[in-house]
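Colleague: I would like a close look at one part of this model. Please start with confidence, then go on to how the part is built and what surrounds it.

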Amino acid sequence: MSPRGRAAIVGVAESDLGEVGPGLTPLDLIGQATFRALDDAGLEKEDVDGLFSASAYYHMPTLSMGEYLGIRPRYSDATSMGGSSFVSHLFHAAVAIDAGLCEVALIAYGSTQRSSGGRLVSGSETLPYEAPYRPRYPVSMYALAASRHMYEYGTTREQLAEVAVAAREWAKLNPKAFVRDDLSVEDVLDSRMISSPLSVLDCCLVTDGGGAVLVTSSERARDLRKPPVYLLGAGEAHWHRNISQMPDLTVSAAAESGPQAYRMAKLGPEAVNVALLYDAFTINTVLFLEDLGFCEKGEGGAFVSGGRISPGGELAVNTNGGGLSYNHPGMYGLLLLVEAARQVRGECGERQVAGANVALVHGNGGVLSSQVSAVLGSEETL
Amino acid sequence: MRRRFFRCSGESYRTVGAWSFRGGYEEGKGEIAVASEDAPAGAPAEVYGRYLEGGRLGFQRCRDCSSMVFYPRVLCPVCGSVDLEWGTSGGRGVVYATTAVHSRDGEPYNVALVDLEEGIRMMSRVEGIPAEEVEVGRRVRFEVREEDDGPVAVFVPMAEPEEPEESEEPAR
């Protein structure tokens with residue numbers, strides 16, 4: 001049976017975000033977020049019987065989490081595909097719940113990368129054939145993709161900068177966003193070059209943070225505190241790990257995961273009210289808008305320009321301010337789910353998208369490697 | 001497991017999971033390394049490294065489906081065959097994607113993906129021109145640089161228009 005509408009997000013929360021200061025550990029942030037998500041859902045810790053996590057800090061993250069929280073799960077999944085892992089966990093949790101393997105799933109994440117050094121904490125290994133060239137992981141890999149997109153489709157640095165500016169405009173509406181000051185295309189172009197054509201303002205933030213998401217069956221979800229946010233469809237795909245092995249640097253596996261998710265959800269991109277796309281770098285948003293069917297391949301640069309993905313634009317994209325301006329604690333996928341659920345519930349205040357019944361969440365992991373799409377919907381989309 | 005026979009230079013060699021390619025190439029004689037029964041075992045990465053030590057860029061070709069394979073492996077990622085043979089590249093390629101990596105200290109350096117004429121793509125760097133001036137579509141030629149950790153494959157720009165044909169021929 002299709003998983004469509006058979007499980008729902010019932011609780012979401014962020015941990016403390018931004019810069020939490022020395023002393024707190026990633027597990028402390030997981031603890032904060034879990035406590036808050038349980039309160040959001042009206043569930044008790046004792047209700048949780050499935051644990052899902054991925055981490056650059058803990059080699060066996062669901063074990064560490066279970067021990068810290070005092071949860072003995074009967075189902076545990078530490079699928080690790082980079083930042084997209086948590087969207088994958090949502091999919092896996094829904095299927096596990098539908099199969100009766102667990103009833104209440106907790107997906108959680110925490111990172112203190114900003115307070116503990118200010119650089120991405122990553123367990124990524126380098127391919128021996130590529131180590132001598134010293135690409136800066138992961139920005140250089142995304143820069144390579146950007147260079148190819150610019151070559152094939154005439155995409156410009158100005159258009160990439162528009163992505164960062166739109167994210168900032170949304171962030172100004174989100175009190176929890178890490179940076180909220182004015183940003184112009186010129187500011188992005190003039191900022192320090194990291195790995196051309198990507199400058200520092202084409203890159204996501206390095207922040208602390210974490211979050212938790214609770215998932216249960218649709219039946220049980222209806223008895224809980226908040227309106228259920230149903231998983232309507234999901235798809236996951238990966239075609240490579242290393243950027244040299246990506247068949248075409250202008251086409252990500254989102255071109256496979258997106259259609260899978262749409263098919264399961266029985267809807268297409270035209271039905272999406274809000275799109276949460278994993279924007280580790282500005283080129284990501286351009287690629288994913290194309291691969292997920294919001295515009296034709298090669299037209300992403302034009303699509304993001306002129307405020308079309310900013311507040312009041314044609315498509316609401318990354319309404320929390322994204323990894324570029326809200327928070328990006330090493331892996332960002334879990335925070336995509338938090339914002340999507342809040343948009344569907346109508347809890348987003350100034351940045352709330354009117355009538356946001358359908359949210360598309362798209363997670364990216366590795367170097368444009370793993371792509372996981374999920375369509376979330378309100379009661380009326382069932 | 002699946003067992004196959006290599007058919008190199010008229011010899012047959014049964015593989016049972018370990019690699020037995022000789023890590024070298026025949027100077028001036030074809031481009032395909034020869035597998036032989038008395039050859040020292042060589043893991044894919046070791047064979048690649050020995051080619052580089054000899055100033056050549058080694059890569060694999062699947063004898064079953066003719067796919068070019070890089071980076072080196074023990075099976076073909078296209079068809080799954082373990083019947084791979086080594087060849088060396090003629091060294092001519094085109095920049096597929098490029099970036100100049102900046103740091104707070106030192107000049108920017110180039111990182112590129114290069115498409116070789118034989119149909120493989122590899123990460124490398126283009127030297128000889130400023131990192132920011134390396135452009136997608138630029139024709140480049142393979143060279144070897146000795147570095148602290150051993151020889152490294154790099155590329156330098158080819159003169160445009162193309163120079164008269166030199167001795168190097170693309171493999172296969």
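What pLDDT does chain B average?

Modeller: Chain B averages a pLDDT of 78, where pLDDT is the predictor's confidence in each residue, from 0 to 100. In chain B, 69% of the residues score at least 70. This is a predicted model, in which local features need pLDDT of at least 70, side-chain atom pairs count only at pLDDT 80 or more, and totals for chains, interfaces and linings use all residues. Residues are numbered from 1 along each chain as its sequence is written, while chains are lettered from A and ligands numbered from 1 in the order in which they are written.

One stretch of chain B needs care. Over residues 1-41 the pLDDT is below 50. Beyond near neighbours in sequence, this stretch still has 74 contacts in the model. Two residues are in contact if their C-beta atoms, placed from the backbone, lie within 7 Å. The model scores ipTM 0.96 and pTM 0.91.

Now the build of chain B. There are 10 strands and 1 helix. Helices (H or I, at least four residues) and strands (E, at least two) are DSSP runs, numbered from the N terminus. Along the sequence the pattern is β-β-α-β-β-β-β-β-β-β-β. Chain B has 172 residues, and 38% of them count as buried. Buried means 20 or more other C-beta atoms within 10 Å of the residue's own; exposed means 12 or fewer, partly exposed is in between, and C-beta atoms are placed from the backbone. Take the contacts in chain B with a separation of 6 or more: residues 24 or more positions apart account for 50% of them.

Chain B divides into domain 1 (5-88) and domain 2 (92-157). Such bounds come from an automatic or database domain assignment. Between these two domains, 8 residues of domain 1 are in contact with 9 residues of domain 2. On the domain 1 side, helix α1 (residues 44-53) of chain B gives the most, with 3 residues. By class, that side has 5 nonpolar, 2 polar and 1 charged residues. Here Ala, Val, Leu, Ile, Met, Phe, Trp, Tyr, Cys and Pro count as nonpolar, Asp, Glu, Lys and Arg as charged, and the others, Gly among them, as polar.

Next, the partner. In the interface, 22 residues of chain B are in contact with 22 residues of chain A. On the chain B side, β6 (92-101), β7 (109-116) and β8 (121-124) each supply at least two residues. The largest share, 6 residues, comes from β6(B). The chain B side divides into 12 nonpolar, 5 polar and 5 charged residues.

Chain A also has a two-domain assignment, with domain 1 (7-117 + 208-231) and domain 2 (135-203 + 233-381). The C-alpha centres of these domains lie 23 Å apart. The contact takes 32 residues from domain 1 of chain A and 37 residues from domain 2 of chain A. On the domain 1 side, the elements that give two or more residues are β1 (7-14), α3, β4 (104-111), β7 (209-217) and β8 (229-238) of chain A. Of these, α3(A) gives the largest share, 6 residues. The domain 1 side has 18 nonpolar, 11 polar and 3 charged residues.

The axes of α3 (residues 85-98) and α12 (residues 333-345) of chain A come within 6 Å and cross at roughly 60 degrees. Axes are lines fitted to C-alpha atoms, for helices over the stretch in contact, and angles run from 0 to 180 degrees between N-to-C directions. The two helices, α3(A) and α12(A), are therefore oblique to each other. The cut-offs are under 35 degrees for roughly parallel, over 145 for roughly antiparallel, 65 to 115 for roughly perpendicular, and oblique for the rest. A:Ser85, A:Phe86, A:Val87 and A:Leu90 in α3(A) meet A:Gly333, A:Leu334, A:Leu336 and A:Leu337 in α12(A). This contact has 6 nonpolar, 2 polar and no charged residues.

A:Ser80 is in the loop between β3 (75-77) and α3 of chain A. A:Ser80 has 16 C-beta neighbours inside 10 Å, so it counts as partly exposed. Not counting residues up to four places away in sequence, A:Ser80 touches A:Ala54 and A:Ser85. A:Asn364 sits in strand β11 (residues 358-365) of chain A. A:Asn364 is buried, because 32 other C-beta atoms lie within 10 Å. Leaving aside neighbours within four places in sequence, its contacts include A:Gly83, A:Ser84 and A:Tyr278.
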